[in-house]
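Okay, thanks for coming, everyone. Let me put the structure up on the screen, and then we'll walk through it piece by piece.

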Amino acid sequence: MASGSTSATTFAATKPFCNLSNHPLHYHHAFAPSLSYPCRSTSALRDRSAVSHPQPSLSNPPAVATKPAVRTEQRDHQMVPPPFPSRFAADEPRNGADILVEALEREGVSDVFAYPGGASMEIHQALTRSSSIRNVLRRHEQGEIFAAEGYACSTGRVGVCIATSGPGATNLVSGLANALLDSIPLVAITGQVPRRLIGTEAFQETPIVEVTRFITKHNYLILDVDYIPRVVREAFFLASSGRPGPVLIDIPKDVQKQLAVPNWFQEMKLHGYIHRLPKPPVDSQLELIVDLIVRSKKPVLYIGGGCVNSSSELRRFVDLTGIPVASTLMGLGVFPSCDDMSLQMLGMHGTVYANYSVDKADLLLAFVVRFDDRVTGKLEAFASRASIVHIDIDPAEIGKNKQPHVSLCADIRLALERLNGMLVEKEEVVRSLDFTAWRNELDEQKKNWPLSFQNFGEAIPPQYAIKVLNELTNGEAIISTGVGQHQMWSAQWYKYKRPRQWLTSGGLGAMGFGLPAAIGAAVGNSGSVVVDIDGDGSFIMNVQELAVALTPKWSSWWEREELVKNVRAVQNGGELENVCAPPLSSLPLPKGRPLRPNQGRGPTLATIRAYNLPVKMMVLNNQHLGMVVQAEDRFYKANRTHSYLGNPTKESEIFPNMLKFAEACDIPAARVTKVSEVNGAIQKMLETHGPYLLDVIVSHQEHVLPMIPSGGAFKDVIREGDGRSSY
């Protein structure tokens with residue numbers, strides 16, 4: 001690595017959450033560095049992080065993109081970014097923090113999730129001078145990084161979070177691990193103690209680069225202000241290309257203060273990484289797959305989160321072939337759950353018919369999946385009758401857990417486009433495909449073993465609450481979850497129609513993910529219905545983030561002035577519409593000091609809309625750690641091992657009182673205890689403007705079914721029973 005930066009890659013455990021083909025292109029995506037440079041032997045980027053789209057160039061632009069690449073020039077292998085309206089003169093010195101913020105602006109960043117501290121104050125000061133970046137102030141660094149991930153997962157853009165040194169930086173660790181395991185494009189920026197104090201155990205010093213070396217795709221310690229423009233460009237390119245993941249940038253405080261005239265024309269030093277990008281799939285490889293499909297009688301598609309940007313191509317492939325589709329937890333929404341060809345989720349808590357299909361299949365088309373243990377169970381028994389085709393953008397995943405018969409390292413979108421083209425060209429092949437008998441066999445399994453739940457008087461089945469939510473939102477809401485039983489029920493009972501509707505912590509299984517992720521999704525998806533379906537255990541993990549839902553998101557005095565101006569405009573019959581304008585008396589305006597001049601800066605409409613984030617929270621409250629209780633019931637003779645979360649001296653009361661949490665943050669809330677009240681309560685939640693918390697009291701005796709015990713096979717599936725029985 002070049003002097004002044006440190007990098008590391010690490011083991012990654014899921015598929016790319018997004019790929020470059022559907023990502024808003026930056027100039028460095030359109031024109032990457034020349035491949036004529038040799039690979040550097042000192043590069044720390046191993047093969048598992050070196051996988052991406054075919055090398056874009058002047059003669060070979062990206063094959064698919066939602067937006068056209070910006071026109072640029074190339075001079076002597078230097079990438080020249082497009083013109084940018086900087087607030088500084090070209091030769092005007094500015095400090096490192098201002099250079100960093102402008103670098104973020106040049107990447108198209110509009111929202112960051114940052115919590116200030118001593119080592120990052122310079123960055124926050126620079127953010128107040130930005131006319132295009134809004135900071136969404138959170139209440140904990142873990143909340144901010146989970147929010148950045150919810151923002152990234154729901155929008156496809158790179159999420160950005162900023163924290164101070166020491167404990168601020170270490171509070172990001174769970175989020176970084178989560179982003180790596182679920183392949184979420186993320187750039188995390190941390191302040192660091194001044195360079196002269198590094199290694200002296202100074203106040204709030206943590207070697208965060210070393211701490212995160214194995215849970216980031218790449219990381220940097222910037223020791224010279226001149227490196228900032230290049231490092232930021234590299235970070236965004238690495239985070240969003242190939243198999244996406246988190247990149248960390250650590251910046252000492254004295255570097256943030258250091259004055260310099262930035263060189264925005266520096267070349268990225270990622271020659272080895274770019275050299276290892278996978279090539280477009282060749283027809284000879286794809287013809288093997290077509291031949292296997294033609295010869296099969298019982299094929300099944302097994303799709304993962306890496307297909308999130310290939311949904312339309314996947315649907316076309318299914319239309320052409322008639323092959324049924326089973327999805328992983330992370331792949332929900334890529335193919336519509338309500339489609340006749342959908343088998344919904346497979347794996348430990350997948351449908352009986354999805355797991356049946358894999359067990360009986362003679363061909364398994366595994367598209368961007370990792371054969372995770374929660375899907376496969378006993379590896380030897382998983383798809384034991386099938387020929388396996390594995391297409392993945394990450395070569396490290398191919399053969400890692402299950403050896404395929406045919407493998408292809410490629411961008412799944414390009415592979416599907418060409419497969420579809422070949423099938424269209426060979427009409428006789430498509431006409432010969434007839435899997436009617438196989439689909440009828442699976443339809444019979446759907447009839448015999450549908451997802452179901454029991455009713456017990458006026459008690460509320462948690463599955464029923466999610467079913468009602470799905471009906472009232474017509475399956476259109478963005479859903480986030482924590483981790484536990486509610487997560488699995490949300491995967492089973494909400495019928496996802498499109499990609500990026502489903503936000504959850506899959507690989508790491510991080511409790512506390514749901515509420516921050518929902519807030520991040522609300523920031524990035526104005527006008528969308530966003531619902532956090534949570535459990536009481538997960539919800540409390542980051543309950544402090546309730547304070548964010550009703551906090552104005554300004555970063556400077558001029559934003560407050562803009563807020564007041566536009567609130568007055570709305571209240572006086574102005575042109576702004578669909579804006580939540582609180583009474584002027586409720587605005588925490590500065591007292592005893594004048595507002596700064598507006599200077600014509602600031603996104604006013606976005607500021608007002610963010611004032612009252614429309615995040616709905618439906619907490620399935622069973623007073624227990626439900627998934628732990630289920631395991632205790634099934635495998636430990638119901639011996640409770642600290643899984644009760646209520647007040648042991650007053651077990652008849654709901655503790656803690658979720659409604660009091662909401663009241664403390666001035667958020668409307670309600671509790672529902674009877675099944676007959678559920679529909680009306682959820683309807684009121686959805687109709688209430690702004691945030692709303694609904695506390696749904698459910699029984700801790702409910703079990704998530706079906707269930708294949710860990711390490712088991714399809715023959716071991718558990719289809720019935722709950723905590724009311726003994727095992």
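So, to start: in the open sheet that contains β5 and β8, what is the order of the six strands? Reading across, the order goes β5-β4-β6-β7-β9-β8, and the pairing is parallel. Keep in mind that this is a predicted model. At the edges of this sheet sit β5, residues 134–135, and β8, residues 218–221, and each of them pairs on one side only. If you follow β8 to its partner β9, residues 246–252, you'll count four bridges, again in the parallel sense. One of the pairs to click on is His218, whose bridge partner in β9 is Val247. Then there's helix α8, residues 228–240, which packs on the sheet and touches β6, β7, β8 and β9. The direction of α8 makes about 160° with that of β9.

Now let me zoom out for a second. The protein has 727 residues, and 60% of them are buried. By secondary structure we get 27 helices and 22 strands. And if you take contacts between residues at least 6 apart in sequence, 77% join residues at least 24 apart.

There's another open sheet of six strands, also with parallel pairing, and here the order is β13-β12-β11-β14-β15-β16. Its edge strands are β13, at 342–345, and β16, at 406–409. Neighbouring strands in this one are turned by 15° against each other on average, ignoring direction. Have a look at β11, residues 299–303, which is joined to β12, residues 325–327, by three bridges. Leu301 is in there, with Val325 as its bridge partner in β12.

Leu301 comes back when we get to the packing. The largest nonpolar core has 59 residues, and the ones touching the most other members are Leu301, Phe317, Leu364, Leu365 and Phe367. Helix α15, residues 412–425, gives the largest share of this core, six residues. What does Leu365 touch, leaving out residues up to four places away in sequence? The list is Ile289, Ile293, Val300, Leu301, Tyr302, Phe317, Ile323 and Val389. There's also a second, separate core of 48 residues, which includes Tyr151, Ala152, Ile519 and Leu546.

Next, helix α18. With 12 residues, 462–473, at 1.5 Å a residue, α18 should span 16 Å, and the end C-alpha atoms are 17 Å apart, so that agrees. Several of its residues are buried, among them Ile466, Val468 and Leu469. The buried residues of α18 pack against elements including β17, α19 and β19.

As a reminder, most residues other than glycine have a negative phi, and most peptide bonds are trans. Arg500, in the loop between α19 and β18, has a positive phi of about 70°. Lys637, in the loop between α25 and α26, has a positive phi near 55°. Which of those two is buried and which is exposed? Arg500 has a relative accessible area of 12%, under the 20% cut-off, so it counts as buried. Lys637 comes in at 75%, over the 50% cut-off, so it counts as exposed.

Last, the cis peptide bonds. One joins Phe655 and Pro656, with omega about -10°, and Pro656 is in the loop between α25 and α26. Another joins Leu705 and Pro706, with omega about 0°, and Pro706 lies in the segment after β22.

Terms used
Residues numbered from 1 in each chain as written. Predicted model: local features only at pLDDT ≥ 70, side-chain atom pairs only at ≥ 80, totals over all residues. Heavy atoms only, no water. Helix = DSSP H or I, 4+ residues; strand = E, 2+ residues; numbered from the N terminus. Expected span 1.5 Å × (residues − 1). Buried < 20%, exposed > 50% of the residue type's maximum accessible area, 1.4 Å probe, protein only. Contact = heavy atoms within 4.5 Å. Core = buried A, V, L, I, M, F, W, Y, C linked by side-chain atoms within 4.5 Å. Pairing = 2+ DSSP bridges. Axes fitted to C-alpha atoms, helices over the stretch in contact; angles between N-to-C directions.
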